[in-house]
Amino acid sequence: MALMHHLSTSISSSSSAFLGQNAFNSRTQKVSVPVKNRGIPRCVATPPTEKTVYKTKVSRNENMAKLQAGYLFPEVARRRAAHLLKYPDAQVISLGIGDTTEPIPEVITAAMEKRSHALSTLEGYSGYGAEQGEKQLRAAIASTFYRDLGIAEDDIFVSDGAKCDISRLQVLFGSRVTMAVQDPSYPAYVDSSVIMGQTGQFQKDEEKYGKIEYMKCTPENGFFPDLSTVARTDVIFFCSPNNPTGAAATREQLTRLVQFAKDNGSIIVYDSAYALYMSDDNPRSIFEIPGAKEIAIETSSFSKYAGFTGVRLGWTVVPKELLFSDGFPIAKDFNRIVCTCFNGASNIPQAGGLACLSPEGLKAMYGVIDFYKENTNIIMDTFTSLGFNVYGGKNAPYVWVHFLVEARGMCSVRFLRRPTWLLLLAAVLDLAVKVLLGLVPLVTGAMS
Ligand SMILES: Cc1ncc(COP(=O)(O)O)c(C=O)c1O
């Protein structure tokens with residue numbers, strides 16, 4: 001009897017060279033992939049070495065030792081590279097990091113070019129800047145994303161990306177706090193929590209870390225946790241629109257979340273890295289919810305709006321109203337962390353960020369977002385027409401597909417050992433369909 005696995009698969013339209021214009025064009029090109037049988041590869045063992053290795057007297061950080069394998073995305077990239085080394089002709093669809101593929105609009109790169117050249121002049125040169133970011137950019141972020149929400153320029157900390165800020169926030173909180181996270185979620189929240197020492201050991205049977213409150217988000221609960229079953233924690237990481245499910249929380253749901261945090265005296269770290277992908281009228285910022293300034297921090301990024309994944313620019317909002325239990329302003333401690341552990345975002349990307357928020361830059365940014373949204377629609381329509389249950393997509397570049405896969409007989413598919421979901425971060429439609437049907441080789445990592 002064939003073994004059937006229930007899987008939900010997240011496909012990001014923003015993520016793949018396969019969906020970029022320069023490789024396979026999902027809109028115009030049909031791609032067919034021959035499946036090659038290249039025989040059974042031979043493994044050659046490395047001979048044991050006699051040499052005694054020198055060891056320091058420094059013991060390994062026990063929290064690092066708790067981490068399972070590598071961070072998800074480098075691990076997926078490593079497996080893909082290893083597979084390609086063995087099978088150079090294999091057509092592999094990357095299930096790895098949700099990277100961007102579209103070029104950065106010229107109105108934005110021109111500003112970075114100008115700033116870069118100015119650094120070669122006496123008048124234009126600048127060294128260390130303000131650790132919190134340039135005043136003009138902080139003001140532009142406040143007026144573009146938080147207009148009428150009571151967020152001021154000095155509540156904003158410009159950074160080298162949301163992921164870096166997530167780790168700096170963990171340093172701010174320290175090792176004694178407890179944390180909750182959506183399940184599934186972007187892996188940086190859990191891994192940074194493990195590294196800080198906030199968690200217990202990894203429980204192999206459950207595939208979860210001890211002391212983390214995993215908030216189940218499934219189609220059954222509309223991808224919003226049943227808060228009546230969620231234990232109190234100090235910090236709640238919440239991402240909307242969500243990577244990887246593509247679900248965006250409604251105003252009513254976020255109002256409940258804010259009330260839940262307030263009742264428990266918790267802090268929400270709200271990740272809005274995909275807010276501009278929203279088509280519905282859902283909140284784009286947690287600060288749209290009354291009272292959120294007293295319980296929330298928001299982190300966001302230019303990465304998925306302007307193709308800044310390599311340029312690196314993001315920001316975090318820490319409102320003055322947010323206080324620790326002893327009344328000390330959290331922003332003051334975050335400022336201390338930023339000044340100590342970071343010296344502020346690079347000045348060239350900051351010039352790019354400012355250009356993003358000019359009228360022409362905003363128009364160009366929305367053009368890039370529309371391109372990815374069109375890909376998302378193609379993926380959604382295709383999977384829907386194939387009879388799959390499809391979620392997300394409308395408010396995020398992530399499409400969450402539920403499907404049944406026959407595990408036995410999938411020749412070269414490295415399959416998951418348990419019902420879970422795959423992070424399918426790339427897809428030419430033809431290829432994606434073939435992968436789902438088990439017709440092409442696939443190397444992947446599982447997220448839990
Ligand atoms: C939900 C979420 N937050 C943060 C990030 C990281 O953003 P950045 O490139 O600004 O570090 C990503 C990247 O994929 C993400 O999906």
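The predicted model contains an open sheet of seven strands, in the order E2-E10-E9-E8-E7-E3-E6, with mixed pairing. Strands, like helices, are DSSP runs numbered from the N terminus (strands: E, at least two residues; helices: H or I, at least four), and two strands pair if DSSP finds at least two bridges between them. Strands of a sheet pair through backbone hydrogen bonds, either parallel or antiparallel. Strand E2 (156-159) and strand E6 (212-216) stand at the edges with a single partner strand each, so one side of each has no neighbour in the sheet. On average, neighbouring strands of this sheet are turned by 20° against each other, direction ignored; the axes are lines fitted to C-alpha atoms, for helices over the stretch in contact, and angles run from 0 to 180 degrees between N-to-C directions.

Residues are numbered from 1 along each chain as its sequence is written. Because the model is predicted, local features need pLDDT of at least 70 and side-chain atom pairs count only at pLDDT 80 or more, while totals for chains, interfaces and linings use all residues, and side-chain values use heavy atoms, with hydrogens and water left out.

Strand E9 pairs with strand E8 (residues 267-271) in the parallel sense over four bridges, and Ala-296 in E9 is the bridge partner of Ile-268. With strand E10 (residues 314-317), E9 pairs in the antiparallel sense, also over four bridges. Here Glu-298 stands opposite Val-317, and Ser-300 has Trp-315 as its bridge partner. Six of the six residues of E9 (residues 296-301) are buried, so this strand is largely enclosed by the rest of the structure. Buried means under 20% relative accessible area, exposed over 50%, and partly exposed in between (1.4 Å probe, protein chains only). Both faces of E9 are covered, with Ala-296, Glu-298 and Ser-300 on one side and Ile-297, Thr-299 and Ser-301 on the other.

The ligand is surrounded by 14 residues, the closest being Asp-271, Tyr-274, Ser-301, Ser-303 and Lys-304; a residue is near a molecule or strand if one of its heavy atoms lies within 4 Å of it. Helix H5 (162-173) and helix H8 (303-306) each supply at least two residues of this shell. A polar side-chain atom of Asp-271 lies 2.6 Å from a nitrogen atom of the ligand.

Definitions and conventions:
Polar contact = N/O pair within 3.5 Å; in protein donor to acceptor, adjacent residues only side chain to side chain.
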